[in-house]
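Visitor: I've just opened a structure and I'd like a tour of its inside. Could you take me through it step by step?

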Amino acid sequence: MYTFDGRVRYSEVGVDGNMTIESLLDYFQDASIFHSEDVGLGVDYFQKVNLVWMLSAWQICVNRRPHLCENIVIGTSAYEFKGFMGSRNFLMKTKEGEVLAYANSIWSLMDLNKMMPTKVKEDFASIYHLEEKYPMEYAPRKINVPANGRKMEPFVVKTHHLDTNYHVNNGQYVRMAMDYVPEDFEIGQLRVEYKNQAVLDDVIHPEVAVSEDGRLYTVSLNNGDGKSYSIVELQGKSFPAD
């Protein structure tokens, strides 16, 4: 597994002094970028060949959020290429080996000239060095959106939401969704399904559904026609009595 060391920065923690979910996701996203860069398949390479990896889905499970100044190790490994799809695991642990969080992700390789999925090149498997899947309970890629969602105030995509592809960054959708959960909501699992790319000046219309027990928030970030850009599912940790 490709790894790099980190230390939790003040800019990465919330009011409780622990790393925010958004920052945790950023570490995982950076791990995939670092890995690709270090094997020669980085951003510049893909720009030259007019290809890009588009994230289709996240599943992130959180045991514990690390606290301020804690030393951490972040790891990632690709485990499957099939057609135009690629799958990758992630891991965050302490220096002592305590597993803080782990994740699965699904990606699509896109041809930017044709704006269509394209088959993964045969040599990618050896370059990325495919490894065994991480032992976890894998959730479906698609997220069910409850019918009782509440429509929230629309907002406009700004420049700070964008990445190098001029699309809304994957992590930004999670930041948007986090605005609709209580501050003390402790997330045990985060799932994200990416469906369409939002760009500068698009208007996002959020719809938020909450389960009866208050442990599951589903945030659908839609366009004006009700089609989803992204669906974010936030599952709270079980109460101690459960």
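This is a predicted model: local features need pLDDT of at least 70, side-chain atom pairs count only at pLDDT 80 or more; totals for chains, interfaces and linings use all residues.

Visitor: How many residues are in the largest nonpolar core?
Guide: A nonpolar core is a set of buried Ala, Val, Leu, Ile, Met, Phe, Trp, Tyr and Cys residues joined through side-chain atoms within 4.5 Å. Buried means under 20% relative accessible area, exposed over 50% and partly exposed in between, using a 1.4 Å probe and protein chains only. Phe 28, Trp 58, Ile 60, Met 92, Leu 190 and Leu 234 touch the most other members, and the number of residues in this core is 55.

Visitor: Which residues does Ile 60 contact, leaving aside neighbours within four places in sequence?
Guide: Contact means heavy atoms within 4.5 Å. With those neighbours left aside, the partners of Ile 60 are Leu 24, Leu 25, Phe 28, Tyr 102, Ala 103, Gly 188, Gln 189 and Leu 190.

Visitor: How many residues of β2 are buried?
Guide: Helices (H or I, at least four residues) and strands (E, at least two) are DSSP runs, numbered from the N terminus. β2 covers residues 51-62. This strand is mostly covered, and its buried residues number 12 of 12.

Visitor: In which sense do β2 and β5 pair?
Guide: Two strands pair if DSSP finds at least two bridges between them. In β5, Met 110 is the bridge partner of Val 52. Over 11 bridges, β2 and β5 pair in a sense that is antiparallel.

Visitor: Is Ser 87 buried or exposed?
Guide: Ser 87 is found in strand β4, residues 85-94. Not counting residues up to four places away in sequence, it touches Ser 77, Ala 78, Tyr 79, Glu 80, Ser 105 and Ile 106. Because its relative accessibility is 8%, Ser 87 counts as buried.

Visitor: How much space lies in the largest cavity?
Guide: On a 1 Å grid over the protein atoms alone, a cavity is a set of points where a 1.4 Å probe fits but cannot get out, while a pocket is an open set with protein on both sides within 12 Å along at least five of seven lines; lining residues have an atom within 4 Å of a point. Grid points are joined across faces, edges and corners, and a volume is the space filled by probe spheres set on the points. The count comes to one cavity of 30 Å³ or more, and the space in the largest cavity is about 60 Å³.

Visitor: Which residues lie closest to the centre of that largest cavity?
Guide: β2, β5 and β9 each supply at least two residues of its lining. The lining has 13 residues, and the closest to the centre are Ala 57, Trp 58, Gln 59, Pro 140 and Arg 141.

Visitor: Which element gives the most to the lining of the largest pocket?
Guide: The largest pocket holds about 650 Å³ of space. Its lining has 32 residues, with Ile 33, Val 52, Trp 53, Trp 107 and Asn 165 nearest the centre. With six residues, the element that gives the most is α1.

Notes: Residues are numbered from 1 along each chain as its sequence is written. Side-chain values use heavy atoms; hydrogens and water are left out.
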